[in-house]
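Here are a few friendly notes to read alongside the model.

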Amino acid sequence: MIPAEAMVPTVTRVTSARRETADTWTLELEPPGGRKAAYRPGQFNMLYAFGVGEVPISISGTARRGGGLLHTVRAAGPVSGAITGLKRGAALGVRGPYGTGWPLDEAAGGDVVLVAGGLGLAPLRPALRALLAGRERYGRVALLYGARRPEEILFRRELEDWRRRLDVEVEVTVDHAGADWHGEVGVVTALVRRAGFDAARTTAMICGPEVMMRFTVAALRQAGVDDARMHLSMERNMKCALGHCGHCQFGADFVCKEGPVLRYDRIRERLAAREI
Amino acid sequence: MENLEQVVKEHAFFRGLDPRFVALLGDCAADVRFDAGAFLFREGDPANHFYLVREGRVALEMASPHAGPHRIQTLGAGEIVGLSWFVAPYRWAYDARALEPTRAVALDALCLRGKLDEDPALGYAVLQRFVPVLIERLQATRLQMIDVYANPGAKKGARR
């Protein structure tokens with residue numbers, strides 16, 4: 001039995017709202033009780049737009065000043081549209097954080113490849129920040145990021161900062177571009193072949209649309225990365241976020257509880273099944 | 001003078017190829033350089049070469065009268081540019097333009113097709129390298145076509 005208070009959101013204020021792309025905003029939420037919020041990179045919160053509804057949103061980092069939690073949201077429907085419309089000082093409900101995080105400790109001692117597609121960079125950003133904060137624990141670190149178009153690249157300034165570092169490889173590509181774009185064009189899976197990592201000791205963390213993740217897994221497998229060292233952030237219809245309602249059931253797992261980060265060898269057989 | 005046979009042998013595309021075949025390919029090879037902005041080839045032209053990129057970056061583009069060229073793909077060192085040399089009517093289906101100073105090995109298509117016709121074992125070995133590239137580019141095109149990163153809210157029926 002789940003106590004009723006577990007379903008009650010905490011009223012939280014938006015402390016800043018930053019536009020990332022035409023339809024995507026990053027909201028900074030006040031830290032609960034004025035303290036730096038504890039979460040594991042890869043986890044999500046349920047955000048409730050009062051009178052509209054509730055949606056699961058990955059935590060995309062901690063504000064550098066103030067310690068508020070960042071959530072990067074794309075206006076894709078009425079609820080997310082209402083959330084992206086919130087201005088500084090507005091209130092929304094928050095429950096969480098929920099779910100599993102990226103295997104940052106498990107990856108220590110080896111190379112780490114993060115592969116992000118589109119908005120999938122948001123849940124991977126705190127993972128990369130953590131990897132860089134504990135840089136000495138890891139071998140080579142690479143971020144491979146694919147976006148739809150140049151103007152839809154998320155966190156552009158931070159990507160450029162990472163790219164200037166000498167201890168992390170950052171490769172960015174877009175699916176569609178005109179001749180005024182001077183970066184790479186092509187799908188993110190093509191970057192796997194170009195990236196420098198030792199497949200035998202590599203942990204991969206992948207987040208993006210499921211089709212993109214399936215093809216990324218295929219490219220990583222071809223490169224020699226073991227199934228048990230690939231981790232995917234899954235998305236299903238999360239409602240209660242407590243593993244109770246069953247809406248996010250994905251075969252034997254509830255994505256809200258056993259996921260969203262799941263090891264590939266655990267979900268391998270289910271991933272391409274259209275019935276699940 | 002640089003030994004092009006050695007360059008072909010060490011290029012990622014032909015790595016591991018039987019030395020006998022490498023020698024045959026070396027007969028068809030030439031060292032080429034392109035300045036930034038120069039075209040390797042243009043859509044509709046005869047597909048007389050294909051290129052093993054050694055340094056630099058090449059964009060594959062399709063011209064469009066009102067929107068400017070669409071950039072389909074960028075390729076770099078260790079990759080190949082050009083597939084149409086292998087299939088009749090041997091005409092390029094897009095433009096290829098160097099984005100930065102680019103160095104490549106150009107393999108003469110007529111010379112190469114002649115050698116492949118004469119030696120089916122060489123033909124098979126080359127096909128074994130070409131087909132994975134074809135499949136990879138076909139898959140990439142599918143992914144680009146289904147527009148995986150599009151906002152689902154732009155599609156009918158989006159709920160959240």
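Predicted model: local features only at pLDDT ≥ 70, side-chain atom pairs only at ≥ 80, totals over all residues.

1. For a residue to look at, take A:Ala177, whose bridge partner in strand 5 of chain B is B:Arg71.

2. This pairing belongs to an open sheet of five strands, with the order 10(A)-5(B)-4(B)-7(B)-2(B) and antiparallel pairing. Strand 10 (177-178) of chain A and strand 2 (39-41) of chain B stand at the edges; each has a single partner strand, so one side of each is left without a neighbour in the sheet.

3. Now to strand 12 (residues 202-207) of chain A. Is this strand enclosed or open to the outside? Six of its six residues are buried, so strand 12 of chain A is largely enclosed by the rest of the structure. In a regular strand, side chains alternate between the two faces of the sheet. Here both faces are covered, with A:Thr202, A:Ala204 and A:Ile206 buried on one side and A:Thr203, A:Met205 and A:Cys207 buried on the other.

4. What does strand 12 of chain A pair with? Strand 7 (residues 111-117) of chain A runs parallel to it over six bridges, and A:Ala116 stands opposite A:Cys207. Strand 13 (residues 230-233) of chain A also pairs with strand 12 in the parallel sense, over three bridges; there, A:Ala204 stands opposite A:Met230.

Definitions and conventions. Residues numbered from 1 in each chain as written. Chains lettered and ligands numbered in written order. Pairing = 2+ DSSP bridges. Helix = DSSP H or I, 4+ residues; strand = E, 2+ residues; numbered from the N terminus. Buried ≥ 20, exposed ≤ 12 C-beta atoms within 10 Å, placed from the backbone.
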